[in-house]
Amino acid sequence: MSFAASVLVGGAAVGTGGLLTLLRRTFVAGLTVQAVGCALLAVGGIWALVADETAGNAFTSAFDLRIGIDGLSGLFLGILGAVGVAALVFATGYLEPSAKGRTIGALTGLFVLVQALVLVARDPLTFLVAWEAMTLVPAAVILVSRADEPARRSVFYYVALTHLAGAGTWVAILLLAREGAIGDPSVISTGSGLQVAIALAALVGMGAKAGVMPLHVWLPLAHPIAPAHVSALMSGVMIKIAIYGLVRVLVDWLGVLPEWLGLLVLALGVLSSVAGVVYALFQHELKRLLAFHSIENIGIIVLGLGACLVLRARGEDEWAALALAAALLHTVNHALFKSLLFLGAGSFEKAVGSLELDRLGGLVRRMPWTGAAFLVGAAAIAGLPPLNGFASEWATLQSLLHVPAFGGVGAGIAGALALAALAATAALAALCFVKVAGLTLLGPARREAVSHAEERAAPMVSGIVALAGMCVVLGVAPGLLLGSLVGLAPWSDAAPTTVGLDLPGTGVLRSGGIALALVAFAGALFLLRGRRVAAPVPTWACGQLVERPLDWTSAGFTKPLRLVLEDVLRPEREIVVRAEGGVVQEVSYEGRVPHLFEERLYRPVTALAMEGAHHARRMQSGRLGTYVAYLLALVLVVLAAAKLGILG
Amino acid sequence: MTGAEAASTAVQLVGGIALAPLLVGLVQHWKARLQGRRGPTPFQPYRELRRLWGKSTVDVAGAGVVYRLAPSVTAASVAVAVLLVPVASAAPDLGVGRDALVLAGVLALARFAVAIAAWEVANGFALMGASRDLTIAVFVEAALVLALAVAALVSGTTDLVLMVAGTAGTEAWADPALALAAVAFALVVVAETGRQPVDNPDTHLELTMIHEGPLLEYAGRDLALLQWAAAARHWLVLVLAAQVFLPHPTDPWLQLAVLPVVLVALCGALAVTETLVAKMRILLAPRLLGVAALLALLGVVVWLVEAA
C-alpha cells in the first residue's frame, strides 16, 4: 500500500531528522528533514482516511508487536503530521542550535514518533508502551528547557497525575486484551459489568490524558511551560491522541454501551467545556489561558462523543455516526487553531519576553503576519463563521439537538442542557478571545519592549500562516472532511463529499456561500465607505482624558462576568490602604479567581495523602530485619487467606 | 420560481434592507407619544442615515485596519443574516442556506467585530460597553439556541423555511412548548435589539450604555453602517418572532399579508415595554435572560413529555 509506505518513510525521516538535529552542523537540516517526515505522515494518514483502506496488521489481543493503519489512525496521523510540519518549520527559527536547543529539537522528533506509534500500534503492549512514552517525552522536553523550581514542580504534578489516573488506561486495555476484545466488538456483551468497568477505566485513564475535567489540573500547569512548538504539539495533538484512545475503546471495541454511560460522557463534556472556558477567562497570562481553552475544546469534542454514545444506545445509528464525525471534525479544527495560537504566543514571547496580557498591546502593527494569523486563530476558536471552529460547533450543536429529537425525557433534557451549554461556551469563548486579541494585538503598546517588537523570521511566520490557511479552508469547505469522518464509525459508510455540511433531515450549513457572501458584502461596504476620511483625531472618549494608567485590563474586561458568576467562582480580593496621619499613602489591591477544583477537590486529597504518608513513615525503620519481618508477615497473611479460601 | 417565492424573496430583501430603519423609527415615535412627547416622525432613522452617509469618516489616531473594517464586517454579517431569515414558508434558498443555528453564528460575528474594535481606540466607555455586551451575550445565546431548539423540535428541522411552515396553523400551538419558547424568545428580542430593561437605546449617560458604547468613536459612513445593522437586527428578530414564535397562517400569501400588521404590533409592544419598564441593573440582566433560557428548557421538557 502506498499510503503505508508514505507513513513508514515519514516515520523514518522524523527519526533520522531527529538524530541530525543533535549535531550543530546539521541542526536546521535535521529539523527540516523532520518536517518533511511529518508531511509524509500527514499525506499517508489522510490518504488512508479518504481511501478508507487498511494496511499492515489488524488489531490483536496477543502481546506480539504489530503495527498497522486504518482510517481512524489515518485521521489522527494526518492531524499529527499537519501540526508537526507547522511546529517543526516554526522550530527552525524558534530553537537555537545550542546544546539545549539541539536536545529539544531531537526530543521533538521523538515526541512525534511515539505519538505516531500510539496511532499505528495494533497490539496492547506496543500501545501501552508508546502511550507512556508519549507522557514522558514532553516532561523531558520541559525539564531540558527549564530547570527552575516551579517548572520542576509542574512537571511533577503532570507526571504524577497522568500516571495515577493513567492506570485507568492500563486497566481498560489489559481487560480488553484478556477478553480478546481488542478490535472485536462482538466479544463483550452490552450492559455487562465488564463492559461498564472497561468504559469507566478508559474514561478515567484517557480522560485524564485528554484533560477532561475534573482530571485536568495538570494541563494548565504543564502546557504553558513547554517550548512553544512543543506546547503546540501537546495541546494540538497529544491530548487528541487521548481522544483517539477514547474513540477506539468506547466506539470501536466495546460495541453498544448502555445509555447512562453516554449521558455521563455528555455531563463530563458540559463540565469541561463551560468550566474550562470560564477559568480561561480569568487567566492573565497568554499561554496559561490557551491551556485552559484546550480543556474547553476537549469538552466540546467530548460533547460530540457523548451525543454519539447516547444516540447509538438508542439505536439511532445514522445520527450517532454524524455526532462522532462532528466530534472528530472539532478534533481536527482544534488541533489547527490551538497549535496556531500556541505558535503565535511563542513568536510574541520571542519578540517581547513576558506574555502577561496587560503588558502587551498593538502587536498586529509590529508583527503584521503573525498578528493577522493569530487574529484568524482567535476568531476560529471563538466559533465564528466562516472559520473552521464554527463548522464543527455547528455540527456538534446539530448532533446535540438530535438527542432530544429522538425522544426519551431523561436523555432529551440532558441533550437540551448540553445544547445550551455549548451555545454559552461559544459566547464565552468569544468574550475571552475579544479580550486576548484586543490586549495582545490591538490598541497602544503597553510597555517599551512591545513597541519595538520585530516580525519574526520567515520560517516562524510561515508555520503560523500555513495553519491559519488551513483554518480558513476547513471553515469554507468542512464537507471535504466530514464525509470520510462519517465513515469512521464502524457501523456506518462514508457520506458523499460536499463543500458545506449537508446533514440528513435538518438545516444545511452552506459554508461556502456564507463565506463568499460575508467577504463580498464586507468588501463592497468597505469600498462604499469611501476614501473621504477626515484627518485622524485622538480618541474622543466623550471628552474624557485618555490616560495610559487608566487603560483597560484583562481583569477589568471580564469583571462583569466575574460579578455575575460570583456565587459560583468565589473570587478573592484584598485591598490594603496604608494611611499616615489621615493621608492615604499607598493602596494595594489584589484580586484573584481561585481554581476551585484545585482548592476544593485536590487540596483535601493531597493533604489526606500527606497525612497518610506521615503515618506510614513510622513503618520505615530502615533496618533490614524489620523489612524481612514485614515480608514474613505478608507471606503468612497470604497463606492464611489461601487456606481460608478468600483468594479463591 | 413561483409567484409566492418571488414575492417572499422581494419582501425579505426589501424589508430587511430598506424597511428595517422604519421599525426603529416606529418604536421611537410611539415611545415618545406614550410618554407625552411629540417625538420625531417614524422616518427619522432614514434622515439620520442620509446625514451620516454624507459625512466623512473620522479615523482615530493610531487605530488600525481592524477598527476600520469592523463596521463593514458587522453590516456584512447582519446582511447575511437578512438573507438567512425567510419572511414566509415559500422563500427559496438565497445561497447562504436557511439554517437557524447559522443565524446565531453570524449575529455572534457581528458582535465580535464591534467589540474587538473597541480595543483599538482604548476608549474606556467603548470597552465597558463591549465587555457588558459580550457578557450578556453568553446568556442571550443560550436562550436563543434553546428557543430555536424548541421550534426545531416542533417542526423537526433547523431549516428556517420548514420551521415557519412547521409552526404555522393551530396544531403546533396545541401544546404549550412553543408558547414557552416564545416567551423566552421575547426576552431575546429585547436583548438583541438593545431595549429596556436590558439596554437603553436613548441613553445619554455613557456609564449605562451597552450597545451604544462601542459605537462612540465612529462617525460618518461607519456609523451609518452600524446604525443600519442595529435596525436590521430589529427586522431579523421581529420577523422570526412573527413567523415562528407567534401563531401564523399556513398559506405563504397570507403569511406575507399578515406580516406587516404583526411587525407594527410588535413595534408597538416594544414601545409599551420601554415606557412601562425601567432599565435593569446591569448585573440583573443575565438573571432575566437566564429565566428565558430556563423557560425555553421547560419548553423542551414539555415537548419531550408530549412526544413520549
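This is a tour of a predicted model, stop by stop, with what to select at each point.

Residues are counted from 1 along each chain as its sequence is written, and chains are lettered from A, with ligands numbered from 1, in the order in which they are written. Because the model is predicted, local features need a pLDDT of at least 70 and side-chain atom pairs count only at pLDDT 80 or more, while totals for chains, interfaces and linings use all residues.

**Chain A as a whole**

Select chain A, whose C-alpha trace spans about 95 × 70 × 65 Å along its principal axes. Its radius of gyration is 26 Å, which agrees with the value near 26 Å for a compact globule of 648 residues (taken over C-alpha atoms, the globule rule being 2.2 Å times the number of residues to the power 0.38). Of these 648 residues, 57% are buried; a residue is buried if 20 or more other C-beta atoms, placed from the backbone, lie within 10 Å of its own, exposed if 12 or fewer, and partly exposed in between. Colouring by secondary structure brings up 25 helices and 7 strands, these being DSSP runs numbered from the N terminus, with at least four residues (H or I) for a helix and at least two (E) for a strand.

**Domains of chain A**

Colour residues 2–517 as domain 1, 559–594 as domain 2 and 599–644 as domain 3, bounds that come from an automatic or database domain assignment. The centres of domain 1 and domain 2 of chain A, taken over C-alpha atoms, are separated by 37 Å. Their contact takes 4 residues from each of these two domains, where contact requires C-beta atoms, placed from the backbone, within 7 Å.

**Where chain A meets chain B**

Now show both chains: 69 residues of chain A are in contact with 76 residues of chain B. On the chain A side, H16(A) gives the most, with 16 residues. That side divides into 52 nonpolar, 12 polar and 5 charged residues (Ala, Val, Leu, Ile, Met, Phe, Trp, Tyr, Cys and Pro count as nonpolar, Asp, Glu, Lys and Arg as charged, and the others, Gly among them, as polar).

**Helix H5 of chain B**

Select residues 124–155 of chain B, the 32 residues of helix H5, whose end C-alpha atoms are 45 Å apart, in agreement with the 46 Å they should span at 1.5 Å a residue (the expected span is 1.5 Å times one less than the number of residues). Centred on B:Ala137 there is a kink of about 30°, the bend being the angle between axes fitted to the seven residues ending there and the seven starting there. All of H5(B) is covered, with 32 of the 32 residues buried, so this helix is largely enclosed by the rest of the structure.

**Backbone details to zoom in on**

Most residues other than glycine have a negative phi, and most peptide bonds are trans. Go to B:Ala122, where phi is positive, near 50°, in the loop between helix H4 (100–121) and H5 of chain B; with 27 C-beta neighbours inside 10 Å, B:Ala122 counts as buried. A:Arg570 also has a positive phi, of about 50°, but this residue counts as exposed, with 12 C-beta neighbours inside 10 Å.

Finally, select A:Met213 and A:Pro214, which are joined by a cis peptide bond with omega near 5°, A:Pro214 lying in the loop between helix H7 (193–210) and helix H8 (219–225) of chain A. In chain B, the bond from B:Gln196 to B:Pro197 is cis, with omega near 5°.
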